[in-house]
Amino acid sequence: MATGEAGPGSVRSGSQPRKRLEETMRSRLGRECVYVPSCRFGLYAALRHWCPPGGRVLMSPVNDDVIFFVVLAAGLRPVQAPLNPSDASIDIDAVPEETWGSLSAVLTTNLYGNPDPAPGLRARCDALGIPLFEDAAHAIGSEVGGRPVGAWGDASVFSLSKHVGAKAGGILAVADPGLREALEKACDDLLLPRRATAEVAYAVRPYAEAAVRGLRLRSAAWATMRMLGLTEREGIRMPLRPDELARAVASAPDLDAHDSWVRVDMHDYRLRGGRFRLRRIGHGLDRLDGVLAGCRAGTELLLSTRWARPEAWEGARSRSPDTAQPLFRVPLLVADRDAAARALARRGIVVGYLYDPPLDDYAGAAFTDPSPSPEGARWFARHALPVDPLRARAAVAALEESGIRPAEAPEGLVPSGG
């Protein structure tokens, strides 16, 4: 069995559902874990524990806007990092020295499961005496430097909505086992009471989604949701609402003031989970190793295509040059992403997890320090086509049939270390 993976038999079946989830993830990571209702909630708790209000956090501009608002809610100033344009990992050497000296923390993204350079970031943070946080929402099975992603930071957060497929739940893992109890209490203090309606909605959601897929009603369902005002995004990014956001930032740290941004796409992100929800998440976690194996195979296939840039994907290779990471999505780099997305849609493959424009272009200098070298992030955000590796063969066929061309990187747009 691969490093960072553990079978379902590693946990006693009679243990309580929440403890069972925590023990399973502890066996994978080798560190103490706290179950949380969502990755974003766990990250907020970690930022509040380690970072003083007003601190500055280095992060990737090609990232979910929800994470950006979590950083603001914690009373911190996002600082956008320069990125490797081929895979959107943080380009350590391109971060100015004066920026390093101003930071209170570093937050990785591990975009689509491709690891950020955690060993180098760990060394930098140690030298500066600041914490490293790992957002491992996309990277539950990925490795870097011989360790699982999530085993480098002072704290790391995982989503159980992604590879696990539970559409709920998260894990906050900590390097110092002595902090577990304090962090668990901090999370409990922030949680909202369980709602019966939320549990019922969670229970029936898979059946409703299956019915929509079976009847091919996706378009009608989205149109109805838009008509009823139930969608929160018309485009890739949610509306910024700068005047309201400025008032919220002035009151930070305050999760309640930022709730309308942080809750987007997951309104129960801070609700206590019921036993049914926890058991369903546990069943998904039991099947995780099979999902990761499928993701590895699909990642290998997609990285062999003309839309990938294999020479830039050292991070996407795990234990040996011939073994791929089990990426959550494989970002192929295409000349015309809209055309490529339409080609996939004709095969029933939905393109999601797009992060365009980068956060500094989206939010502006009023709410974040812009990247000193924004071109790499802009190019990647514009050309990345995140493909589900579990649909790899169908995706490759669709792109080939439609004549989708690979993106051509502008001359001179290379990582600083390259």
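Over the ring of which residue does the charged end of R241 sit? I looked this up first. The charged end of R241 sits over the ring of W261, 4.2 Å from its centre. I count a charge as over a ring if NZ of Lys or CZ of Arg is within 6 Å of the ring centre and within 35 degrees of the ring normal.

**Ground rules.** I am working from a predicted model, where local features need pLDDT of at least 70, side-chain atom pairs count only at pLDDT 80 or more, and totals for chains, interfaces and linings use all residues. Residues are numbered from 1 along each chain as its sequence is written, and side-chain values use heavy atoms, with hydrogens and water left out.

**Overview.** I found 16 helices and 11 strands in the protein. These are DSSP runs, numbered from the N terminus: helices are H or I with at least four residues, strands are E with at least two. Of the 418 residues, 54% are buried. Buried means under 20% relative accessible area, exposed over 50%, and partly exposed in between (1.4 Å probe, protein chains only).

**R241 again.** I placed R241 in the loop between α8 (218–227) and α9. At 28% relative accessibility, R241 is partly exposed. Its phi is near 50°, a positive value in a residue other than glycine. I noted D265 too, with a positive phi of about 75°, in the loop between α10 and α11 (275–286). Most residues other than glycine have a negative phi, and most peptide bonds are trans.

**Cis bonds.** I logged a cis peptide bond from A252 to P253, with omega near 0°. P253 lies in the loop between α9 (242–251) and α10 (259–262). Another cis bond joins D356 and P357, with omega about 5°; P357 is in the loop between α13 and α14.

**Rings.** I found six aromatic pairs in the structure. Rings of Phe, Tyr and Trp (its six-membered ring) pair if their centres lie within 6.5 Å; planes under 30 degrees apart count as stacked, over 60 as edge-to-face and the rest as tilted. F68 and F69 form an edge-to-face pair, 5.4 Å centre to centre with 75° between the planes. F68 is buried at a relative accessible area of 0%, and F69 is buried at 0%. Why is the pair of Y112 and Y355 stacked? Their ring centres are 6.1 Å apart and their planes stand at 20°, so the pair counts as stacked. Y112 lies in the loop between β4 (105–108) and α5 (118–128) and Y355 in the loop between α13 and α14 (359–363), so the pair ties together parts 243 residues apart in sequence. Both Y112 and Y355 are buried.

I then traced a cluster in which ring pairs link F68, F69, W261 and Y362. The charged end of R237 sits over the ring of Y362, 5.5 Å from its centre.

**Helices α12 and α16.** The axes of α12 (residues 288–303) and α16 (residues 392–401) come within 9 Å and cross at roughly 20°. Axes are lines fitted to C-alpha atoms, for helices over the stretch in contact, and angles run from 0 to 180 degrees between N-to-C directions. The two helices are therefore roughly parallel, a label for angles under 35 degrees; over 145 is roughly antiparallel, 65 to 115 roughly perpendicular, and the rest oblique.
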